[in-house]
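Welcome! Please have a look at the structure below, then try the exercises before reading each solution.

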Amino acid sequence: MIRAGQHLVLVGMMGVGKSTVARVLADRLGRAVYDTDHVIEAQTGRSVRDIFAADGEVAFRALETEVLRSGLASEEPLVIAGAGGVVLAEENRALLRDARARVVWLCADPATTLLERVRNGTHRPLLDDDPAGTLQRMFTQREAMYRDVADAIVLVDHRSVSEVVEAVLR
Ligand code: S3P
């Protein structure tokens, strides 16, 4: 259960549905959505893909940390959709662990659910080559990191958006 003053934060791999689920949750809870990729794009006026291509991943990750930090610092309780790589930095994991927030890991099978869902969307330069292999490697690398920050885990394989939303709110 989410408490009144707490942020609700969704973490999980690319393609798991964080942005979609966050929008529905925000409607349900009467809160604003704070989607870290979208905030980066709005603040810089550039796309995630362009930042990766022109400035590199390290620069993108630095922006991501600052955007996560400001979202978590908001007085107003938000629904925060953290991009897939938000758990990579120990600094970000500490922010998530220490925040006044309930962190939910949306978890899905990389070989089936995630692979199917990443087919649409253009903001994922890391998946340009070999999406199946990359998703599997990323999942292996990040699984323990998602687990480390999560207060709850919701499995999304074979579940609709509304079923996932209900599970997150439970
Ligand atoms: C990334 C996830 C993407 C985006 C970038 C890198 C990652 O966000 O930030 O392509 O490293 O997992 P979504 O999880 O919203 O797709």
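This is a predicted model: local features need pLDDT of at least 70, side-chain atom pairs count only at pLDDT 80 or more; totals for chains, interfaces and linings use all residues.

**Exercise 1.** In which sense do E4 and strand E5 (residues 152-155) pair, and over how many bridges?

*Solution.* Residues are numbered from 1 along each chain as its sequence is written, and side-chain values use heavy atoms, without hydrogens and water.

Strands (E, at least two residues) and helices (H or I, at least four) are DSSP runs, numbered from the N terminus. Two strands pair if DSSP finds at least two bridges between them. E4 and E5 pair in the parallel sense, over four bridges. Next, find a partner: Leu106 is bridged to Val154 in E5.

Now turn to strand E1 (residues 7-12), which pairs with E4 in the parallel sense over six bridges. Here Gly12 has Leu106 as its bridge partner in E4.

**Exercise 2.** Why is strand E4 (residues 101-107) largely enclosed by the rest of the structure?

*Solution.* Buried means under 20% relative accessible area, exposed over 50%, and partly exposed in between (1.4 Å probe, protein chains only). Seven of the seven residues of E4 are buried, so the strand is largely enclosed. Then check both directions: Ala101, Val103, Trp105 and Cys107 point one way, Arg102, Val104 and Leu106 the other way, and all are buried.

**Exercise 3.** Is Glu64 buried or exposed?

*Solution.* First, locate Glu64 in helix H4 (residues 57-73). Glu64 counts as buried because its relative accessibility is 1%.
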